[in-house]
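Subject: Structure for your review

Dear colleague,

Please find the structure below, together with its sequence. A summary of the findings on its packing follows.

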Amino acid sequence: MPEENLTAVFGGTFDPVHTGHTGLAEYLLKTGRVNRVVFLPAPHPPHKPGNEPAPFADRAAMLRAAIAGHPGMSVSELEAERSGLSYTVDTLGILKQRYPAEHFVWVIGSDSLNQLHQWYESERLVRENRFLAYPRPGAEADFDQLRSVWPPELFEKLRDSVLTDAPEFDLSSTEVRTRLSEQGADACRDLLPEPVLNYIKEHKLYSQRNGDTTT
Ligand code: ATP
């Protein structure tokens, strides 16, 4: 276990949550890097303008279904409490205020790490918070690019946040959505936790027709 009370905050669109998300959360808990993982779905993802995700209530419900029976994992709807866009720097500030005895580390995939300099108040975000960057196949952390866009001390902090020994999960929500609409829910068994697959079928999300749509 980490020496301190460490909570990983795993923000994202989760449209839908897939086995890559849950797999990396399991890895962080199993290896004792953190004590808890809180999934934090974004109601209006600021980094993905133009793509309307599934309703927030459904994405949060799928997360709750995915983590049921997983000790140490929870879902926070904190960002839905506020209207408009939620920025990570503000969300982390609220969490630290609400839970002063906790330590928080923001979990980010290596693809998002490469874009982090474009986030709202990115320098303050990195200066004031801790990060843990999870490797993502095909979108590895690009240290040359990171070095060119961050001040040296923040580059070093981010470089040191990259996990090197973690198992990789080669999938994305985009791939899940494409496969769901083109091939149906049963073609996604290897990409989704079973309760999430069942939720998608039941609520006919992502163009699912009634029942099994596999042809
Ligand atoms: P989309 O395909 O819609 O962009 P996504 O699969 O990237 O979705 P998000 O909800 O956008 O999922 O991701 C939330 C966080 O999880 C981000 O930090 C992202 O980098 C990370 N992440 C998602 N999938 C993986 C994966 N397979 N390996 C490592 N990190 C991942």
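Ring pairs join Phe-10, Phe-14 and Phe-39 into a cluster. Please bear in mind throughout that this is a predicted model.

Aromatic pairs

The count of aromatic pairs comes to 6. Phe-10 has a relative accessible area of 6%, and Phe-14 has a relative accessibility of 3%. Buried means under 20% relative accessible area, so Phe-10 counts as buried, and so does Phe-14.

Tyr-134 and Phe-169 also form an aromatic pair, in this case a stacked one, with 6.3 Å centre to centre and 25° between the planes. This pair links distant parts of the chain: Tyr-134 belongs to strand 5, whereas Phe-169 lies in the loop between helix 8 and helix 9, 35 residues apart. Tyr-134 is buried, at a relative accessible area of 3%, while Phe-169 is partly exposed, at 25%.

Nonpolar cores

The largest nonpolar core comprises 39 residues, and those with the most contacts inside it are Leu-28, Val-34, Val-37, Phe-39, Met-62, Leu-192 and Ile-200. Two or more residues of this core come from each of strand 1 (6-12), helix 1 (19-30), strand 2 (36-41), helix 2 (56-67), strand 4 (103-109), strand 5 (130-134), helix 9 (173-183) and helix 10 (194-203). Another core, of 23 residues, lies apart from it and includes Trp-106, Ile-108, Val-126 and Leu-158.

With neighbours within four places in sequence left aside, Leu-192 is in contact with Pro-16, Val-17, His-18, Thr-19, Val-176, Leu-197 and Ile-200.

Helix 8

Helix 8 spans residues 152-160, and its residues Leu-154, Phe-155 and Leu-158 are buried. These residues lie on the same side of helix 8 because they cover an arc of only 105° around the axis. In general, an α-helix has 3.6 residues a turn, so residues three or four places apart point the same way. Pro-152 and Asp-160 are exposed and sit on the face of helix 8 turned away from its buried side. The cover over the buried residues of helix 8 includes helix 5 (110-115), helix 6 (122-128), strand 5 and helix 7 (143-149).

With kind regards

Methods:
Residues numbered from 1 in each chain as written. Predicted model: local features only at pLDDT ≥ 70, side-chain atom pairs only at ≥ 80, totals over all residues. Heavy atoms only, no water. Core = buried A, V, L, I, M, F, W, Y, C linked by side-chain atoms within 4.5 Å. Buried < 20%, exposed > 50% of the residue type's maximum accessible area, 1.4 Å probe, protein only. Helix = DSSP H or I, 4+ residues; strand = E, 2+ residues; numbered from the N terminus. Contact = heavy atoms within 4.5 Å. Arc of directions from axis to C-beta. Phe/Tyr/Trp six-rings, centres within 6.5 Å; stacked < 30°, edge-to-face > 60°.
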